[in-house]
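Dear colleague,

Please read them alongside the coordinates.

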Amino acid sequence: MQDDSPLKVRVSRRQVLIAGTVSAAVTALPTASAVTDAATAPSKVAAAVTTEVAFEVNGERRSLELDTRTTLLDALREHLRLTGTKKGCDHGQCGACTVLLDGRRINSCLTLAVMHQGARITTIEGLGTPKRLHRMQAAFVKHDGYQCGYCTPGQICSAVGMLDEVKAGVPSHVTEDLTARPRLSVTEVRERMSGNLCRCGAYSNIVDAIGDAAGGLS
Ligand code: FES
Ligand code: FES
């Protein structure tokens, strides 16, 4: 007797999955002509634009031929081999890359080197030497203002710049009387140094060190 019922195909779930995967892979493969086109098409990646930039770093005139996209941090670390300045976040959030630019503190990861033609830059290497430490460096050593030390160059450069800001009468977010000269209190130091993170949590010793270098906190 002839069987007129529709053809029954038994397909397991596993076979469906395998078939689906193969079909997706085949669809994703470029065709032969697409591969040939990609190989012969002119490259769309623009060549780097370079320019010469010259500045004074730690008292020495330095001149570099740089890709215009080079940050000041990379110019210092990768081109001048001044690796004391650290790269933490590379996004302006940790302060590890702080240097002094014409006497003012700056996150060197957030600025391009070519923007600072002729500037005077001081890194941790230029603040003092192992034999003749800057008073802020000596205070950090005395008060154990670090553990791993990764944030320390940025903390020290930032602290030096911060004391100059206080001396110049620049108020902070927590300064109560904006018409008077700011007093250097623990609260002021904490606020003004809040852009410098320390993952080891050496904050209380850092504040002590800064207070010592400043001649005491009020
Ligand atoms: Fe520049 Fe973190 S590396 S702020
Ligand atoms: Fe380790 Fe500050 S001493 S991050």
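H5 and H8 are oblique to each other, the class left for angles that are neither under 35 degrees (roughly parallel), nor over 145 (roughly antiparallel), nor 65 to 115 (roughly perpendicular). The axes of H5 and helix H8 (residues 203-213) cross at roughly 135 degrees and come within 8 Å, where axes are lines fitted to C-alpha atoms, for helices over the stretch in contact, and angles run from 0 to 180 degrees between N-to-C directions. Helices (H or I, at least four residues) and strands (E, at least two) are DSSP runs, numbered from the N terminus. The crossing of H5 and H8 is right-handed, that is, the near helix is turned clockwise from the far one by less than a right angle, anticlockwise being left-handed. On the H5 side the contact is made by Arg-135, Met-136, Ala-139, Phe-140 and Lys-142, and on the H8 side by Ala-209, Asp-212 and Ala-213, with contact meaning that the C-beta atoms, placed from the backbone, lie within 7 Å. These residues divide into five nonpolar, no polar and three charged, counting Ala, Val, Leu, Ile, Met, Phe, Trp, Tyr, Cys and Pro as nonpolar, Asp, Glu, Lys and Arg as charged, and the others, Gly among them, as polar.

Please keep in mind that this is a predicted model, in which local features need pLDDT of at least 70 and side-chain atom pairs count only at pLDDT 80 or more, while totals for chains, interfaces and linings use all residues. Residues are numbered from 1 along each chain as its sequence is written, and chains are lettered from A and ligands numbered from 1 in the order in which they are written.

H5 (residues 135-142) also meets helix H6 (residues 152-167), their axes coming within 10 Å and crossing at roughly 130 degrees, and the two are therefore oblique as well. This crossing, too, is right-handed; Met-136, Gln-137 and Phe-140 of H5 make the contact with Thr-152, Ile-156, Ala-159 and Val-160 of H6, a set of five nonpolar, two polar and no charged residues.

In the loop between H5 and H6 lies Cys-148, which is exposed because 10 other C-beta atoms lie within 10 Å (exposed means 12 or fewer such atoms, buried 20 or more, and partly exposed in between). Cys-148 and Arg-199 are 51 residues apart in sequence, yet their C-alpha atoms are 8.9 Å apart in space.

Turning to the sheet, five strands form an open arrangement in the order S2-S1-S5-S3-S4, with mixed pairing, two strands being paired if DSSP finds at least two bridges between them. Its edge strands, each pairing on one side only, are S2 (60-67) and S4, and neighbouring strands are turned by 40 degrees against each other on average, direction ignored. S1 (residues 50-57) and S5 run parallel and are joined by two bridges, with Val-57 opposite Ile-121 in S5. H6 packs on the sheet, where it touches S3 and S4, and its direction makes about 40 degrees with that of S3.

S3 (residues 98-101) runs antiparallel to S4 (residues 104-107), with four bridges joining them, and antiparallel to S5 (residues 120-122), with two bridges. Leu-100 has Arg-105 as its bridge partner in S4 and stands opposite Thr-122 in S5. The hairpin of S3 and S4 has two residues between the strands, and in it Asp-102 takes a positive phi near 50 degrees.

Key
Contact = placed C-beta atoms within 7 Å.
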